[in-house]
Amino acid sequence: MSCLQTLTDYGLRSIGQGVRGLPKSDITLCDQFVLIGSGMIWNVYFAIIALFFGFFAATAIAFAKNSPQAILRVPSSIFIFILRGSPLFIQFFIVYETFVLFPKIGIDLNLIFMEITVETRWLTRAWLGALIVLFLNTTAYSAQIFYGAIQSVPLGDIEAAQALGLTNKQINKRIIWPTMLRLAWASYTNEAIFLFHATALVFFSSFPAWQQKGDALYYASYFADKTFNPFVPYPIIAMYFIIFTIIIILIFNSINKKLNKHL
Amino acid sequence: MFDFCIDPQNLDGFYWWSCYLTTGKHISFYTSFFVVFALLIVTVPLILLFGFLGAIARQSRIYPIRIFGITYTSVVRGVPDIIFFLFVPIALDQGIEYLRHKFKCSEWVEPIRQGNDFVVCQIAKMPMGSSDQWIHDTYGFFLAALAFSIVFGAFAANTINGAINAVPPAQIETGVAYGMTRKQIFIRIQLPQMWAYALPGLSNLWMILIKATPLLFLLGVQDIVYWARELGGTKTARFTYPHSDWRLGYFIVLLVFYLFLSWVSEIFFNKLTLKVSKGQATLNGTVGGTIDYISVSDDEVRNS
């Protein structure tokens, strides 16, 4: 079987396209490259969605933690403490077990004029359940980074804005937020890299792969088990992760340049 | 455990719980918490050792050693730790058996990799097939500990490297003026001074190390996660203490344990930072305030 054939058979296997069964014997190098690469689709999916929504949630929570009002400050501090103080691995377990306890069919929500059924079965699937955990996790870590940056915004900048008659809302939006991003960006780049790396845990910890549709590590460990040779699949997945890590660094550095354009 | 526990079916409330929580398996669960501490105790010296070696390699004037140091630290940082945790123990295991095979069974002509099998002669097996179960367990634990040390050693090397470079150049110049050799400057000036700069990074690393310990379960070690799953699973009426699926409860116990560990560590490191930076010309040392060392540092690392 040529490598091109393997590519059409297994290139999109991780999202359910192509041949059903996975290669069981005579596993070629090409098989390993293609399937592990196919699994990377999931890692990229988790990372992009979780980071995108996590960014906005983290900004909100960082400002909430900085707020003088206890009703905002205390819950956001507790949220950050719990998610940063416990292992992601345990968080996956807890959330999965909680979602499994939900009724299979869905929860009926009785609104005044209509009745809707909330689908709960998707929550036990990795594409939604694990995404929620990763989103909450990156929100907490990023919020702490942003909070630290807010605290380091030079007081003179804020005083200057006040002197010019900007309202509190304007100061937050035009002075604190952009400065916060500039100060936090190096750390936030690291956070993005580590969140991307954390996506390798999804199928390995709690969320079962359905119809053998898994991420890169799922296929890599499958090959390591089948061939009993760790020296091929793990270096391949390592190579993929290094390439994507470099891409993340390039993207974030270019955003950093934009943020610091005027300086 | 207690005398009244002979017939648990007729117990309820407090008595049932006091019997349930003192079964043999629960005792194993409690002792498995020590596995977490054992891992930390074994790995921390190794991490510092690898960290120092890595940092020294990166500072080396010999080109191949410097390249090795840079490659080690950057490759480990670019790849998820879980991949190393899966790869290193099995790679070491096969590597050791391969070497023993070459030495002890040199007359063996068949290839070691036969299709999908890894075949070595009986006496090359490590540990021996005839050894007790605990030897196998301990061997597995130490391979896992070594994998942890290699990964976190790379992060430590990065932190220590940065800290060595952060020692003010004027101090090194003073050393040169006194006629010290490069080695003397390193041991007498850079090494004692760098701790204050390395501490924020190292304490951050410690927090990450704590949170990486449950991954031991994925390496087949019977740690707290193993027992939490084992004990929490549904127990039918055939069991002495039947109950429904209690895994969520057990995992919440683990969550609280880790939160407590993080909280205690944070307090400890805040105190230590103050102590180490006493007399240093940093914000901590002069003003006496604490910087939230986790919040913004260039070397912010985290993971699972």
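A residue is buried if 20 or more other C-beta atoms, placed from the backbone, lie within 10 Å of its own. In α8(B), residues 224-232, the buried residues are B:Ile224, B:Val225, B:Trp227, B:Ala228, B:Leu231 and B:Gly232. Viewed down the axis of α8(B), they fall within an arc of 165 degrees, so they line one face of the helix. The arc is that of the directions from the helix axis to the C-beta atoms.

## Basis of the model

This is a predicted model, in which local features need pLDDT of at least 70 and side-chain atom pairs count only at pLDDT 80 or more, whereas totals for chains, interfaces and linings use all residues. Residues are numbered from 1 along each chain as its sequence is written, and chains are lettered from A in the order in which they are written.

## Overall make-up of chain B

Chain B has ten helices and two strands; these are DSSP runs, with helices (H or I) of at least four residues and strands (E) of at least two, numbered from the N terminus. From the N terminus on, the order of elements is α-α-α-α-β-β-α-α-α-α-α-α. Of the 304 residues in chain B, 32% are buried.

Two residues are in contact if their C-beta atoms, placed from the backbone, lie within 7 Å. Among contacts in chain B with a separation of 6 or more, 64% join residues 24 or more positions apart.

## The packing of α2 and α3

Two packed helices are described by the angle between their axes and the distance between the axes. The axes of α2(B) and α3(B), the latter spanning residues 63-78, come within 7 Å and cross at roughly 130 degrees. Axes are lines fitted to C-alpha atoms, for helices over the stretch in contact, and angles run from 0 to 180 degrees between N-to-C directions. The angle makes α2(B) oblique to α3(B), a class left over once angles under 35 degrees (roughly parallel), over 145 (roughly antiparallel) and 65 to 115 (roughly perpendicular) are set aside.

From α2(B), the contact involves B:Gly54, B:Ala57 and B:Arg58. The residues of α3(B) in the contact include B:Ile65, B:Phe68 and B:Tyr72.

## The side of chain B that touches chain A

The contact between the chains takes 38 residues from chain B and 45 residues from chain A. On the side of chain B, α9(B) gives the largest share, ten residues.

Note on methods: A residue is buried if 20 or more other C-beta atoms lie within 10 Å of its own, exposed if 12 or fewer, and partly exposed in between; C-beta atoms are placed from the backbone.
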